Amino acid sequence: MSLISPELLDGIEVFKSPLPDMDAEAIGGTVNLKLRKAPKEFRMLAKALGGYNELNNDPRDYKGVLQLSRRVFDNKLGFVVQGGVERFNRGGDILTNTWSRGQTDDSTGITEILGNTLRLENRQEIRRRYNGSLSMDYDLGKSTFSFFGLYSRTERDRFYMQERYVPSEPAIEYWGRNINNSLDLYSLQLNGEHSLGPFVLDWTVSNSETQGETPLDFSMRFVNYSQVFDSGLDATGPPPTFLGSAQHDLSRTLLRSHAQ
């Protein structure tokens, strides 16, 4: 869904249950994206947006869209051609508390919930997208034909830094990962609809292909097992308390694993 530009859509249809013209094994909840048709007169849509990511102090977010549409040949042939480019900073900070299951009191039926780990993560991600599309429809009166072609490329550059506090071991882990990947989408679709007296015949021929590449995926994990928490820390207490009792000592932190 993220690869389809919203400027291409004229509406969205949601089918809550299978319809008579669907396959017997079709599932409910079908979503039909209705593509925008060309208007009679020439129309140009130009859109430029800018954004600022305050958390990462990044003012370089942007999105640009240019769309041209028109009907020709006595309004029989319509076309909508569009191109777009965007860049957004999707970075942020993530805090995760995990819990474990303790013993169950037979008399009350209450089960203890014990603190397990605290994970702090700083995520930096730059996402870029480039796309182009062509939509055409030809009206012959009792028959209509339509064509839709789409190319979209998404690039994601990500760098994660994570600290993981585990009093039960006890250990503090430092983990970093750098990953770059891209996804290309090619999609072609040809539709036809014909009026045959009281009947309507429609057909669709389509082909879609995606290609993904990950030229870089490198991670490193460091662990400190020695004197990492204050002696008075409750190892099964609320995870947010683990941070204040942690003792960071990089001289005792060793490389445990790496992957590429």
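Let's start with Val 65, which sits in strand β4. Keep in mind that the structure here is a predicted model.

**Val 65 and its surroundings**
- Val 65 has a relative accessible area of 7%, so this residue counts as buried, the limit being under 20%.
- Leaving aside neighbours within four places in sequence, Val 65 is in contact with Glu 7, Leu 45, Ala 46, Lys 47, Gln 82, Gly 83 and Gly 84.
- Gln 103 is 38 residues from Val 65 in sequence, and their C-alpha atoms are 58 Å apart in space.

**The strands on either side of β4**
- β3 (residues 43–53) and β4 (residues 58–72) pair in the antiparallel sense, over 10 bridges.
- Within this pairing, Leu 49 has Lys 63 of β4 as its bridge partner.
- The hairpin of β3 and β4 has 4 residues between the strands, and Asn 57 takes a positive phi near 50° there.
- β4 also runs antiparallel to β5, to which it is joined by 11 bridges.
- β4 and β5 form a hairpin too, with 4 residues between them, and Phe 73 in the turn has a positive phi of about 55°.

**The largest nonpolar core and Ser 245**
- Nine residues are listed for this core: Leu 118, Tyr 165, Ile 172, Tyr 174, Val 228, Phe 229, Leu 233, Phe 242 and Ala 246.
- Ile 172 touches, among others, Tyr 165, Val 228, Phe 229 and Ala 246, not counting residues up to four places away in sequence.
- Ser 245 lies in the loop between β10 and β11 (254–259).
- Is Ser 245 buried or exposed? Its relative accessibility is 13%, so Ser 245 counts as buried.
- Beyond residues up to four places away in sequence, Ser 245 touches Val 228, Phe 229, Asp 230 and Leu 233.

**The largest pocket**
- About 1,300 Å³ of space lies in the largest pocket.
- Its lining has 39 residues, and those nearest the centre are Asn 32, Leu 33, Ser 146, Gln 189 and Asn 191.
- The lining divides into 17 nonpolar, 13 polar and 9 charged residues.
- Strands that each supply at least two lining residues include β1 (9–15), β2 (30–35), β5 (77–89) and β7 (111–139).
- β8 (143–166), β9 (171–196) and β10 (199–224) likewise each supply at least two.

Key: Residues numbered from 1 in each chain as written. Predicted model: local features only at pLDDT ≥ 70, side-chain atom pairs only at ≥ 80, totals over all residues. Heavy atoms only, no water. 1 Å grid on protein atoms, 1.4 Å probe; cavity = no way out; pocket = protein on both sides within 12 Å on 5 of 7 lines; lining within 4 Å. Points joined across faces, edges and corners; volume = space filled by probe spheres on them. Nonpolar A, V, L, I, M, F, W, Y, C, P; charged D, E, K, R; others polar. Buried < 20%, exposed > 50% of the residue type's maximum accessible area, 1.4 Å probe, protein only. Contact = heavy atoms within 4.5 Å. Core = buried A, V, L, I, M, F, W, Y, C linked by side-chain atoms within 4.5 Å. Pairing = 2+ DSSP bridges.
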